[in-house]
Amino acid sequence: MTGNDGNSSITRRRALAVTGGTVAAGGLAVAGYQAAFAGETTTATTAAATPAAASGAASSAGSGQCVLMSSVTEGPYYLDGALVRKDITEGKDGVPLTLRIVVQDTTESCAPAAGAAVEIWHCDAWGYYSGYTTANPGGSAPAESEDGSDADDQTYLRGYQIANVNGVVKFETIMPGWYTPRTCHIHVKVHTGGEKEDGTYEGGKVNFTGQLFFDDDVAEQIFELEPYSKHTGTYTKLDDDMVYDGGGASSGLLTLKPVHKGDPSKGYRGYITLGIDPDAENTGAGGGGEGGGGTPPEGGTPPKGGAPSGTPSEQSSSAASSS
């Protein structure tokens with residue numbers, strides 16, 4: 001079934017343009033993408049951005065074009081103790097995704113938020129999250145244990161990266177699958193004030209909690225490929241999603257380019273700029289199901305803590321910290 005929860009009580013901070021508005025932010029998407037991937041060539045792109053363009057677009061300092069991102073629920077699948085690492089796949093099969101995120105300080109003329117910790121987590125090709133591998137993703141999918149990888153069931157497809165001087169982080173992962181009733185997405189938090197400790201990130205506060213989204217045309221192409229195609233059912237499109245509000249880049253819509261224009265199985269490169277307020281705090285917790293009122297995948301109703309059926313074992317947090 002298609003999942004539109006219809007709950008109008010979803011709480012989110014709407015995109016606030018510091019100057020220039022959402023249209024201006026959208027206009028920077030291509031320039032920002034080229035900047036984030038400057039120096040890397042693909043068969044889909046005939047020209048690379050110059051180092052000067054990369055520096056200017058990555059920071060946007062002094063440009064006056066900067067957008068405070070919409071914050072949304074963290075959803076029911078968050079786990080503490082994710083590892084600081086670039087590659088979060090752990091051998092999970094799927095279409096490769098190189099994700100570059102630029103973090104900007106909206107209170108400081110769009111200056112790069114150097115040192116910010118960006119945390120992401122998402123489901124695998126069949127809709128399963130690490131730590132919740134028995135939660136039913138809806139439709140018909142093989143059991144998570146049938147994927148044949150050696151991935152740690154408590155840590156796969158979760159990780160942190162620390163922003164460099166240009167506010168940039170890079171992750172190597174796979175394109176997420178889907179689960180009922182959500183569209184294809186990646187969860188993200190931006191932390192400041194903490195530090196790397198014992199392989200993870202400790203302390204500080206969460207300034208932004210959001211979700212990153214994929215264009216329907218791209219997602220549908222991916223879901224026709226192995227191993228995604230083994231998960232059958234009706235995929236929820238962007239317009240029907242309970243969290244995505246149609247705001248484009250300021251609401252988390254990724255700019256995507258194929259590594260090979262004629263072959264989506266070769267992978268994608270994704271880019272987005274996250275404008276944050278380092279003085280704010282937004283954990284995204286306490287909303288229960290997705291969207292602050294939605295339900296988790298089939299198999300049960302989440303308890304008060306927001307965890308869906310198939311909750312992680314008591315060792316999940318310690319496993320993530322010591323892995």
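Reply: Helices (H or I, at least four residues) and strands (E, at least two) are DSSP runs, numbered from the N terminus. The model is predicted, so local features need pLDDT of at least 70 and side-chain atom pairs count only at pLDDT 80 or more, while totals for chains, interfaces and linings use all residues. Residues are numbered from 1 along each chain as its sequence is written, and side-chain values use heavy atoms, leaving out hydrogens and water.

Me: Which strands are included in what covers the buried residues of α4?
Reply: Buried here means under 20% relative accessible area, exposed over 50%, and partly exposed in between (1.4 Å probe, protein chains only). In α4 the buried residues are Asp-216, Val-218, Ala-219, Ile-222 and Phe-223. They sit on the same side of α4, because their arc around the axis is only 160° (taken from the directions from the helix axis to the C-beta atoms). Their cover includes β10 and β11.

Me: Which residues have the most contacts inside the largest nonpolar core?
Reply: A nonpolar core is a set of buried Ala, Val, Leu, Ile, Met, Phe, Trp, Tyr and Cys residues joined through side-chain atoms within 4.5 Å. The largest one has 42 residues. Those with the most contacts inside it are Leu-99, Ile-101, Val-118, Ile-120, Met-175, Leu-212 and Leu-274.

Me: How many residues are in the second, separate core?
Reply: Among its members are Val-84, Trp-121, Cys-123 and Tyr-132. The size of that core is 14 residues.

Me: Stacked or edge-to-face: what is the pair of Tyr-77 and Tyr-132?
Reply: Rings of Phe, Tyr and Trp (its six-membered ring) pair if their centres lie within 6.5 Å; planes under 30 degrees apart count as stacked, over 60 as edge-to-face and the rest as tilted. For Tyr-77 and Tyr-132 the centres are 5.1 Å apart and the planes at 80°. That makes the pair edge-to-face.

Me: How many residues apart in sequence are the parts that this pair ties together?
Reply: Tyr-77 is in the loop between β2 and β3, and Tyr-132 in the loop between β5 and β6. So the pair ties together parts whose separation in sequence is 55 residues.

Me: Is Gly-248 buried or exposed?
Reply: Gly-248 is in the loop between α4 and β10. Its relative accessible area is 17%, so Gly-248 counts as buried.

Note on methods. Contact means heavy atoms within 4.5 Å.
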